[in-house]
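Here are my notes on this model. Please read them with the structure open.

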Amino acid sequence: MRIKENHKLKGDMLEFGDWNNHQSEMMTWIVESKPSEVRVWLKGPLNEDFAYAELAEELQKCRHCFLRLNLKQVLRVNSTGIREWFNLMQTLSWPSLLILEDCSPAFTQALTQIEEMSLGCWVESCNLPVWCPSCEQEFELKIELTTPLLNQTIQIPCPDCSQQCRPDIEGIVQIVRQQASRHED
Ligand SMILES: [Zn+2]
């Protein structure tokens, strides 16, 4: 699993999320190990400082389990971080199911733009930014990536003014399609 030759990634740095805040932070994680599954809570920016090899080593002990990566607190992603992500995926070569859950808007945006990022994984749920056209508030909505999403119009009332808002689900619908077609193979 490598980043394909892609000029978007080779030239200009790709960035997702708000890079103006917390720039000195590093990615940290908590590993929660149960007999049936291992869940890793990742927190911090996905950038060149992501110590993927340390995480992979910690996870070697629990290879037989389902692995869930919770990505809600990965608020910023850049292209060098994506390279480290591919390194992690390659190092893990997880034999069982690898699930990505609760993906942050920044991680979701990266997933929808770089198809290879979700290869070998099952994307379970994503958080999308929703913008209210009436009061111009932005809020987040968590969406489960299940097949009914393909034929659905999603509407949610704004928490501030109750105006019905529609998140842009085009990118995650594409992921649902890809997952469904891989599942059929
Ligand atoms: Zn509103």
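This is a predicted model: local features need pLDDT of at least 70, side-chain atom pairs count only at pLDDT 80 or more; totals for chains, interfaces and linings use all residues.

1. Serine 162 is worth a look. Is serine 162 buried or exposed? Serine 162 counts as exposed, because it has 11 C-beta neighbours inside 10 Å. Serine 162 sits in the loop between β10 (156-157) and β11 (164-165). Its phi is positive, about 70°, although serine 162 is not a glycine.

2. Now glutamate 136. The loop between β8 (125-131) and β9 (138-144) holds this residue. Glutamate 136 has 10 C-beta neighbours inside 10 Å, so it counts as exposed. Phi of glutamate 136 is near 65°, a positive value in a residue other than glycine.

3. On the overall build, the protein has five helices and eleven strands. Of its 185 residues, 27% count as buried. Take the contacts between residues at least 6 apart in sequence: 66% of them join residues at least 24 apart.

4. Next, the sheet. Five strands form an open sheet in the order β2-β3-β4-β6-β7, and the pairing is mixed. At the edges are β2 (28-33) and β7 (122-123), each pairing on one side only. Strands of a sheet pair through backbone hydrogen bonds, either parallel or antiparallel.

5. Which way do β6 and β7 pair? Strand β6 (residues 98-101) pairs with β7 in the parallel sense, over two bridges. Leucine 100 stands opposite valine 123 of β7.

Notes:
Residues are numbered from 1 along each chain as its sequence is written. Helices (H or I, at least four residues) and strands (E, at least two) are DSSP runs, numbered from the N terminus. A residue is buried if 20 or more other C-beta atoms lie within 10 Å of its own, exposed if 12 or fewer, and partly exposed in between; C-beta atoms are placed from the backbone. Two residues are in contact if their C-beta atoms, placed from the backbone, lie within 7 Å. Two strands pair if DSSP finds at least two bridges between them.
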